[in-house]
Amino acid sequence: MVRAVAFSVEQNDPDQRWIGCYHCGERLKAPAIARSFGCPKCHRGISLDDITVQDSGWSGMLNTCGRIFIRPRVRTITRNVHAGDGIEVLGVLEANVRSGGPVVVGAHGRLKGSVQATSLWIDPGGTLECPMLRIGPTRPSG
Ligand SMILES: [Zn+2]
């Protein structure tokens, strides 16, 4: 609990935000207005923007410290998805999902894959097919 309180105080700094590097797991501070950031530990680029997938056949990486939205009727199949702040699935997402925030599956949404998230909500009518589920506070990995 002590750690959680300290964390929330740090988050109140309006110019900086804490993010976790999804490549190496390093916790670092980034300017709140930044849209991308270079990790000082592994020197790889980190996206901070929210990602909205509007069309099926998305072939890029789905990694961001922001949120990821899968729009209705969009079918997205990829290996790994990482979102720092949460994922909302209104279409179809087949991937192994790691989220530092809530994962929401909408009424016509379908999520297939392993899920690691701080919380999980499935609207009535939504589908979750999940061989591995972990719900709880995120811990920096690596
Ligand atoms: Zn890194």
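Student: Why is Arg73 called exposed?

Tutor: In this predicted model, Arg73 has 11 other C-beta atoms within 10 Å. The cut-off for exposed is 12 or fewer, so Arg73 counts as exposed. Arg73 is found in the loop between β7 and β8 (75–83).

Student: What makes the phi of Arg73 worth a remark?

Tutor: Most residues other than glycine have a negative phi. Arg73 is not a glycine, yet its phi is positive, about 70°.

Student: How do you know whether His43 is buried or exposed?

Tutor: His43 has 9 C-beta neighbours inside 10 Å. Exposed requires 12 or fewer, so His43 counts as exposed.

Student: And Phe37, why is it called partly exposed?

Tutor: Phe37 has 18 other C-beta atoms within 10 Å. A residue is buried at 20 or more and exposed at 12 or fewer; the count of 18 lies in between, so Phe37 is partly exposed.

Student: Where is Phe37, and which residues does it touch?

Tutor: Phe37 is found in strand β3. Leaving out residues up to four places away in sequence, Phe37 touches Ala30, Ile46 and Leu48.

Student: What makes a touch count as a contact?

Tutor: The two C-beta atoms, placed from the backbone, must lie within 7 Å. For Phe37 and Cys21 the value given is another one, C-alpha to C-alpha: 9.5 Å, at 16 residues apart in sequence.

Student: How do you know that β7 and β9 pair?

Tutor: Strand β7 (residues 67–70) and strand β9 (residues 86–89) share four bridges in the parallel sense. At least two bridges are needed, so the two strands count as a pair. Arg67 stands opposite Gly86 in β9.

Student: Which sheet do they belong to, and what makes a strand an edge strand there?

Tutor: Five strands form an open sheet with parallel pairing, in the order β5-β7-β9-β11-β14. An edge strand pairs on one side only, as β5 (51–53) and β14 (119–122) do. Neighbouring strands of this sheet are turned by 5° against each other on average, direction ignored.

Student: How many helices and strands does the protein chain have, and what share of its residues is buried?

Tutor: The chain has one helix and 16 strands. Of its 142 residues, 27% count as buried.

Note on methods. Residues are numbered from 1 along each chain as its sequence is written. This is a predicted model: local features need pLDDT of at least 70, side-chain atom pairs count only at pLDDT 80 or more; totals for chains, interfaces and linings use all residues. Axes are lines fitted to C-alpha atoms, for helices over the stretch in contact, and angles run from 0 to 180 degrees between N-to-C directions.
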